[in-house]
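Me: I am new to this structure and would like to understand the terms used for it. Please set each value beside its definition.

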Amino acid sequence: MGADPSPAAPDTYQGGLRRVARVVLLDPQDRILLLHGHEPDDPGTHWWFTPGGGVEGDETREQAALRELAEETGITDVELGPVLWRRHCSFPFAGRQWDQDEWYFLARTTQTATGATALTELERRSVVGARWWTCPELARAHETVYPTKLAGLLRRLLDEGPPAAPVTLDTEIVR
């Protein structure tokens with residue numbers, strides 16, 4: 001990801017259940033875009049994850065998905081599709097426990113160049129890049145990817161298309 005010249009946005013999560021919109025972004029070759037992150041104070045603990053973040057104010061989850069995608073990747077030329085999956089997760093990050101209700105939206109784009117435009121201060125310390133993954137690459141990956149089982153979920157999406165209604169994924173709790 002390129003340099004982010006804008007001032008850092010504040011980190012607004014104060015605990016409690018965080019409403020989150022995430023984006024399963026596919027390019028014309030059906031590659032998925034994942035961000036590479038790590039613990040702010042421990043770059044050795046790292047993982048890959050879909051773009052997205054918390055809903056702010058009175059915005060809808062759809063609006064949050066598009067805003068977060070633009071802020072984290074610079075990609076604005078997208079066709080936002082349906083909610084594919086819903087997941088509750090809880091995990092430690094940056095010295096606190098995060099509890100999230102995540103909705104994963106399908107989106108397509110022809111824009112494949114990425115560059116963050118408005119990362120929070122915490123994201124600046126923990127997000128180190130982005131990469132487009134093919135489904136076979138994701139299936140072979142030995143790295144941690146969230147949500148878990150993403151390779152199988154992506155394979156099913158590519159083979160069968162979006163589900164008729166959002167699928168509830170297993171709850172993930174990391175302590």
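Me: What makes the second largest pocket a pocket, and what volume does it have?

Reply: In this predicted model, the second largest pocket has a volume of about 180 Å³. On a 1 Å grid over the protein atoms alone, a cavity is a set of points where a 1.4 Å probe fits but cannot get out, whereas a pocket is an open set with protein on both sides within 12 Å along at least five of seven lines. Grid points are joined across faces, edges and corners, and the volume is the space filled by probe spheres set on the points.

Me: Which residues line the second largest pocket?

Reply: Lining residues have an atom within 4 Å of a point, and for the second largest pocket they are Leu84, Trp85, Gly152, Leu153, Arg156, Leu157, Glu160, Gly161, Pro162, Pro163, Val167 and Leu169. They divide into eight nonpolar, two polar and two charged residues, where Ala, Val, Leu, Ile, Met, Phe, Trp, Tyr, Cys and Pro count as nonpolar, Asp, Glu, Lys and Arg as charged, and the others, Gly among them, as polar. Strand E5 (78–93) and helix H4 (150–160) each supply at least two residues of the lining, and the largest share, five residues, comes from H4. Helices (H or I, at least four residues) and strands (E, at least two) are DSSP runs, numbered from the N terminus.

Me: How do you know how far the model can be trusted by its own confidence values?

Reply: The value to look at is pLDDT, the predictor's confidence in each residue, from 0 to 100; the mean for the protein chain is 90, and 91% of its residues reach 70 or more. Over residues 1–10, however, the pLDDT is below 50, although this stretch has 27 contacts in the model beyond near neighbours in sequence, a contact being heavy atoms within 4.5 Å. Residues are numbered from 1 along each chain as its sequence is written, and side-chain values use heavy atoms, with hydrogens and water left out. In this predicted model local features need pLDDT of at least 70 and side-chain atom pairs count only at pLDDT 80 or more, while totals for chains, interfaces and linings use all residues.

Me: Why is His36 called buried?

Reply: Buried means under 20% relative accessible area, exposed over 50%, and partly exposed in between (1.4 Å probe, protein chains only); His36 has 17% relative accessibility and therefore counts as buried. His36 lies in strand E2 and, leaving aside its neighbours within four places in sequence, is in contact with residues including His46, Trp48, Val128 and Glu143.

Me: Why is Asp30 called partly exposed?

Reply: Asp30 has 28% relative accessibility, so Asp30 counts as partly exposed. Asp30 is placed in the loop between E1 and E2, and its phi is near 65°, a positive value in a residue other than glycine.

Me: What makes a set of residues a nonpolar core?

Reply: A nonpolar core is a set of buried Ala, Val, Leu, Ile, Met, Phe, Trp, Tyr and Cys residues joined through side-chain atoms within 4.5 Å. Of the 19 residues in the largest such core, Val24, Ile32, Leu34, Trp85 and Leu138 touch the most other members. The largest share of this core, five residues, comes from H4. A second, separate core of 13 residues includes Leu33, Val55, Ala65 and Leu69.
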